[in-house]
Amino acid sequence: MYGIIANGLLIPFLGTALGASCVFLMKKELNTAIQRALTGFAAGVMVAASVWSLILPAIEQSKHLGKLSFVPAVTGFCLGMVFLLFLDMVTPHMHMNNTIEGPKNNLQKTTMIVLAVTLHNIPEGMAVGVVYAGWASGNSQITRAGALALALGIAIQNFPEGAIISMPLKAQGMSRAKACLMGIVSGIVEPIAGLVTLMLTGLVVPILPYLLGFAAGAMIYVVIEELIPEMSEGEHSNVGTLLFMIGFCVMLALDSALG
């Protein structure tokens, strides 16, 4: 079990690391079509995971509340959305096409992108930690497949994020190795946040419905604010929409067949 959990916590980080390593293979930015496809697929997986792996289990675990069983899920969901909104207000608003609201200096922009990605990775790491904590505690409503699919969805989303950190740094004269390292460092907070959440399992399990809702709110915020705009931007955006459908169906199939 511990090996499964460790691998699950590392999957999102590996997505960032692989994206950052693109600096060794590509001279320019990540291909737009590939970026839209990855973004659409991740969005589909994360929406489905938010419903089947987070919200529905939160409601199921609160059945003892009767007609108010939705309250923990709704409360946590709103808190997750508000928390990510707060992060966007106190940090620069990052977009995957390497644009960012803030100072015009390129080095300052890149520094802010690193900061924005790093801070946004913390709640994502916590979300994976919460799901695996629930699964490890023997909760029948949380499946291993659901936890894995959520981790994979976040990893796919993290891939272009790693690339948009390392590539601009290389363009500014930094060595490929150092630029890649900067991208990797931005993602290391995810397994750390997930591990801390797991270490607090004793505190997490009693309020698990609220935390599952919180994780769902954080995931949906990322989908609405970052992924959907990116996959729909410009002309010929059908690839993002089609991959959203595929990602949603893949997650649904995994959670139903392997749960």
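This is a predicted model: local features need pLDDT of at least 70, side-chain atom pairs count only at pLDDT 80 or more; totals for chains, interfaces and linings use all residues.
Residues are numbered from 1 along each chain as its sequence is written, and side-chain values use heavy atoms, with hydrogens and water left out.

**Aromatic pairs**

- A pair of aromatic rings is described by the distance of the centres and the angle of the planes.
- The rule here takes rings of Phe, Tyr and Trp (its six-membered ring) with centres within 6.5 Å; planes under 30 degrees apart are stacked, over 60 edge-to-face, and the rest tilted.
- That rule gives three aromatic pairs.
- One of them is Phe 83 with Phe 214, a tilted pair at 5.7 Å centre to centre and 45° between the planes.
- This pair ties together distant parts of the chain, with Phe 83 in helix H3 (residues 71-90) and Phe 214 in helix H9 (residues 208-232), 131 residues apart.
- Helices here are DSSP runs (H or I, at least four residues), numbered from the N terminus.
- Phe 83 counts as partly exposed because its relative accessibility is 31%, whereas Phe 214 comes in at 18% and so counts as buried.
- Another pair is Tyr 132 with Trp 135: the ring centres sit 6.3 Å apart and the planes meet at 85°, so this one is edge-to-face.
- Tyr 132 and Trp 135 are three residues apart in helix H4 (residues 106-136), so about one helical turn separates them.
- Tyr 132 is buried at 2% relative accessibility, and Trp 135 is buried too, at 18%.

**Around Thr 16**

- Thr 16 belongs to helix H1 (residues 2-20).
- What does Thr 16 contact, leaving aside neighbours within four places in sequence? The partners are Asn 158, Gly 162, Gly 183, Ser 186, Gly 187 and Glu 190, where contact means heavy atoms within 4.5 Å.

**Cysteines**

- With a disulfide taken as a pair of cysteine sulfur atoms within 2.5 Å, the count is zero.
- Cys 180 is in no disulfide, and the nearest cysteine sulfur, on Cys 22, lies 9.0 Å away.
- Cys 180 is buried, given its 7% relative accessibility, while Cys 249 is partly exposed with a relative accessible area of 45%.

How values were computed
Helices (H or I, at least four residues) and strands (E, at least two) are DSSP runs, numbered from the N terminus. Buried means under 20% relative accessible area, exposed over 50%, partly exposed in between (1.4 Å probe, protein chains only).
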